[in-house]
Amino acid sequence: MSRYLGSLLLGIWILLLPVTLSDPRTTEAGLICGNTTQTKPSIFPNFNRLMNRMTRLLDTHMEGMDFISSPPPSIVGFAQCHTDLTQPECRECFISARQIIETCRPAATGRVFLDGCFLRYDQKAIIGQFADKSKDRVNCSGAHGGEHQHPVGDFGSKVRSALQNVTRKAPHSKGFAVAVAQSDDEPVYALGQCWKMVSEEGCERCLLHARQMLMSKCVPGSDGRALNAGCYLRYSTQKFYGDHAEEMTFDEIGIVVTVLTVMLWFFLLLLIGAIISYVRMKKMGQGNPFTRLLSSVNSSKINFKYEVLEKATDNFNPANKLGQGGAGSVFKGTLPDGRVVAVKRLFFSTRQWVDEFFNEVNLISETRHKNLVKLHGCSIEGPESLLVYEHVQNESLERHLFDRKKTRVLTWDQRMDIVRGIADGLAYLHGGFDSPVKIIHRDIKGSNVLLDENLVPKIADFGLARCVPGADESHVSTGIAGTLGYMSPEYLVRGLLTEKADVYAFGVLAIEIVTGRKNSVFMQSSSSVLLSVYKHFKANRLSDAVDASLEGSFSVADASKVLQVGLLCTQTTPELRPTMPEVVQILDGTTKELPTPKDAPFVNASILGTDNTSSYSITETQSQDSFSTCLTDSTRSDSFSRLPQAR
């Protein structure tokens, strides 16, 4: 039934579309490239991937923002077509913009303005930069004499009138408007477009600034364009947009007719929409995840006002920035009641973002454990979505282990306590210690373990977490997500997710903590940390693998125990790995007999091969479809044959 109603609705929409459409307006208005001195690794290995993903966004929404963070460095992109373009015209304009902006290489930033669309890329978050006026510029034609010169007085008045109409209408018309100043001799046409990420107030400010620039620098030229960070404004004596654009900008004379027409269609569409919504809601059961999230947050005690968090972080002052990950940046803040918190500022509002945000809020809010980061609350109704955590003073475990400066070396006792704490936290997540939920974290690694003032470890970043399957399920089939080097073989190759995936990641991390060496998939298998420790185990010399920076100040028995536990947890066959509660018992000494590994550790590099290895990195929020582009069918087939079959 919904299919037929959808077809009817589409037919009505087609009838409402005007016959006359504009052209894609692919003329280049301006190209702005950043500094070409490349001091960091090039972002361009990720450039084509980002552009392909943004093409899909523009095909659906006519605008979009996306990012890729792995392999580093990260790259963020934003593109938008002018509102009056059709989807095919938008695609054609974007393709032209993409070709032009590639000339910015090797600059780390670039933006291109065409007369019908805008495209920008950067190495840092673009949100919040649309009000930046430092790179605003104009492109004038005939402003310095010649046949296109006009008398300043009359012509200037016409330009001002057209631009004023656009500036007044656009902020209240979804950021787009056109206007024409008629005269007996030569009319003046104007068009204004604000980018979707700019608020209504910001749109008005941007267009006012653009109008001032055009009036002061381009008049009496026959054509002028203002190319600003948050908007585009143009005037010309030649009509450069189609009739469709004029029909989209309502004037005061047509308001009454427009309102009556809209009301008629409104009641018809309301009826059709209600029927379609009923059918969809019936199929979906619980409805849209964002609706559930919004309702859950608003009715809870964990909701923060955006303005409070903005003030707490001093307007997200860079001086308060604690770090940045694949999903957002984290800032230190002080709440009005004096609590010091960490505010996670999320980048995007995609469907995938909704799922991850819902996970983090819903899952962590139910957990209470000394080795888990406490979630104070969140903000979802402001211009950005924010998570509010307890502030953990000593940053991440990874920085303490692998900081090249080695300003502080963790002692053996501190490392042992950290390993026990991580094990306790994971055992709780997996349903131990009277936990109200059972959760698979999916991304256990050093950067997701924070250390407080007493170096107590706290597991953080639950954006990829999933609930443990019930008794009638052996595993969860899910899209691949996580970090290479910490992903278990059955999950990496087959997508089969159980709590043993966390056990594997814990084993890798435990070995890293004891050896002081990072497990990298981009090294030869013979140089693998896991394989090296396994060889020491077979030679009965596990203590030789301990971090040399400890200078022998460690318990040989405890170090050997932790390394052997790490080998138990990283066995290729998941059934041979212990559970996290069993790991806790071994580390605490309540299990008298220490099991012996029956299987060699799984080495990620062995399934990836040696060709173009860097392309196999997985971002922290990558989907199964994205991952399938990293491993070819032949690679996956060979990898599968080398793994033992699950029993």
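**Sheets, helix packing and salt bridges in the predicted model**

In strand 8, Leu191 is the bridge partner of Val178. Strand 7 and strand 8 (residues 188-194) run antiparallel to each other and pair over 6 bridges. They belong to an open sheet of 5 strands, laid out in the order 6-9-10-8-7 with antiparallel pairing. Strand 6 (137-141) and strand 7 (176-181) sit at the edges; each has a single partner strand, so one side of each has no neighbour in the sheet. On average, and ignoring direction, neighbouring strands here are turned by 10° against each other. Helix 5 (residues 200-217) packs on this sheet, where it touches strand 6, strand 8, strand 9 (223-227) and strand 10 (231-236). The direction of helix 5 makes about 40° with that of strand 10.

Strand 13 (residues 340-346) is joined to strand 15 by 5 bridges, and the two run antiparallel. Here Val341 stands opposite Glu390 of strand 15. Strand 14 (residues 375-379) is also antiparallel to strand 15, with 4 bridges between them, and Leu375 faces Tyr389 of strand 15 across the pairing. The link from strand 14 to strand 15 is a hairpin through 6 residues. Is strand 15 buried or exposed? Of its 5 residues, 5 are buried, so strand 15 is largely enclosed by the rest of the structure.

Turning to the helices, helix 12 (residues 412-429) and helix 16 (residues 556-569) pack at an angle of about 35°, and their axes lie 11 Å apart. The crossing of helix 12 past helix 16 is left-handed. Helix 12 brings Trp412, Met416 and Val419 to the contact, while helix 16 supplies Asp558, Ala559 and Val562. By residue class, that makes 5 nonpolar, no polar and 1 charged in the contact of helix 12 with helix 16.

Why is about one helical turn the separation of Asp417 and Arg420? Because they are 3 residues apart in helix 12. Asp417 has 47% relative accessibility and therefore counts as partly exposed; Arg420, at 26%, counts as partly exposed too.

Across the whole structure, the search turns up 19 salt bridges. One of them pairs Glu490 with Arg577, the closest N and O atoms being 2.9 Å apart. This pair ties together distant parts of the chain, 87 residues apart: Glu490 lies in helix 13 (residues 489-494), and Arg577 in the loop between helix 16 and helix 17 (580-588). Glu490 and Arg577 are both buried. Elsewhere, the side chains of Arg120 and Asp122 meet in a salt bridge at 3.6 Å, N to O. Both Arg120 and Asp122 are buried.

Methods:
Residues are numbered from 1 along each chain as its sequence is written. This is a predicted model: local features need pLDDT of at least 70, side-chain atom pairs count only at pLDDT 80 or more; totals for chains, interfaces and linings use all residues. Side-chain values use heavy atoms; hydrogens and water are left out. Axes are lines fitted to C-alpha atoms, for helices over the stretch in contact, and angles run from 0 to 180 degrees between N-to-C directions. A crossing is left-handed if the near helix is turned anticlockwise from the far one by less than a right angle, and right-handed if clockwise. Contact means heavy atoms within 4.5 Å. Ala, Val, Leu, Ile, Met, Phe, Trp, Tyr, Cys and Pro count as nonpolar, Asp, Glu, Lys and Arg as charged, and the others, Gly among them, as polar. Buried means under 20% relative accessible area, exposed over 50%, partly exposed in between (1.4 Å probe, protein chains only). Two strands pair if DSSP finds at least two bridges between them. A salt bridge is a side-chain nitrogen of Lys or Arg within 4 Å of a carboxyl oxygen of Asp or Glu.
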